[in-house]
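Subject: A structure for you to look at

Hello,

Here is the structure I promised to pass on. Please open it next to this email, and then read on for what turned up in it.

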2 protein chains.
Amino acid sequence: MLQTKGQETRSHILLESRRLFTLQGFQNTSISTIIAATGVKKGNLYYHFPSKEELGLAVLLDARDEFFTILEHSFVGDRMVPRILHSCNAIKGLIQQGDFVAGCLFGNTALEMTDANSRFGQIIREVFSHWIELIEQELQLEADLTAVDPPLSTESLAIAIVALLEGGIMLARVYQDGKNLEVCITAIHGLLIPLS
Amino acid sequence: MLQTKGQETRSHILLESRRLFTLQGFQNTSISTIIAATGVKKGNLYYHFPSKEELGLAVLLDARDEFFTILEHSFVGDRMVPRILHSCNAIKGLIQQGDFVAGCLFGNTALEMTDANSRFGQIIREVFSHWIELIEQELQLEADLTAVDPPLSTESLAIAIVALLEGGIMLARVYQDGKNLEVCITAIHGLLIPLS
């Protein structure tokens, strides 16, 4: 689908702002930094996004939609365990694109903005809730939950998987190295073993 | 040990700044906010900490020392699994003190400052490395690692435990509720079961 010139400018601002917000945080990225990075004139930027808050929300919504699309296609395979591991590795691939420096926009914004802005917090909660829900649906396909000791519900196991990924992404960022995220995916495999 | 007036002021500035940095981030906390929150005069603040960076580093070092002391005393019990779970619950207690709002200073600063300031990054890496090392030492006390499938080394298992705690703290902050952190501690138990 061809974009109009205006839509192209909007997309360009959204992607460049996403990169900057992920790398250096929302509050620490000024409008003038975004203007410098995008080459878009101030008036034009404000035409598309009337305030920095509106820009931040639009970036989150745009990233949410893209993440959900990727996520929904990331469970590949015949059986539940390989399907979930395939999804985990797809997320590792996304993080790797930023060389483990930028980390996860949602995780970073969760720590920075959940308390400061309830509209940001709402989108972040929606992202994590849907992510947990999708994994839970996968787990329900095959799980014989009595096999896990202590018993973890499918919801709890899904929460633990997302926590391991986000914790692994945090450690990847701390050490600027993907090794820890790989370790966390192996641990996810370990949690799923009793179910396979 | 009695503190001099100067030491008292220094400790007061450190604790109040730690609270603010944890809650709203380092870059987003201005010196004037710290002055307002502490009631300390600007000249006196700069007498103790010549720059905001020096204050940030001192806060991290102070929090690191306190965290290491708590951590080193947190492995309580006769057997390895309960000792590690006791430590996890001690960390949950620390996070709970902030009503799951503030989260983990080291995790928050990791995401905010690792790339921006190498001196901050170094302290954060030291905190996570020592934490992982302490858990690894506990695991080595008893672990029969061939029981885990796929095999996780004691180091990998220690990394996964820290990632689950940090991911759980992130989710606790997102939902302002400790339930997810409890779920993550149960998942840690699940990972340790083959070793108990």
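A residue is called buried if 20 or more other C-beta atoms lie within 10 Å of its own. Keep that cut-off in mind for one residue below, and remember that this is a predicted model.

Let's begin with chain A as a whole. Chain A has nine helices and zero strands, so there is no strand to look for when you trace the chain. Its C-alpha atoms fill a box of roughly 60 × 35 × 30 Å along the principal axes. Of the 196 residues in chain A, 40% count as buried. Among the contacts in chain A with a separation of 6 or more, 62% are between residues 24 or more positions apart.

Now pick out Val127(A), which sits in helix 7, residues 118-142 of chain A. Is Val127(A) buried or exposed? Val127(A) has 23 other C-beta atoms within 10 Å, so Val127(A) is buried. Leaving aside neighbours within four places in sequence, Val127(A) is in contact with Arg64(A), Phe67(A) and Phe106(A). Val127(A) and Phe106(A) are 21 residues apart in sequence, and their C-alpha atoms are 7.7 Å apart in space.

Finally, the two chains together.

Enjoy exploring!

Key
Residues numbered from 1 in each chain as written. Chains lettered and ligands numbered in written order. Predicted model: local features only at pLDDT ≥ 70, side-chain atom pairs only at ≥ 80, totals over all residues. Helix = DSSP H or I, 4+ residues; strand = E, 2+ residues; numbered from the N terminus. Buried ≥ 20, exposed ≤ 12 C-beta atoms within 10 Å, placed from the backbone. Contact = placed C-beta atoms within 7 Å.
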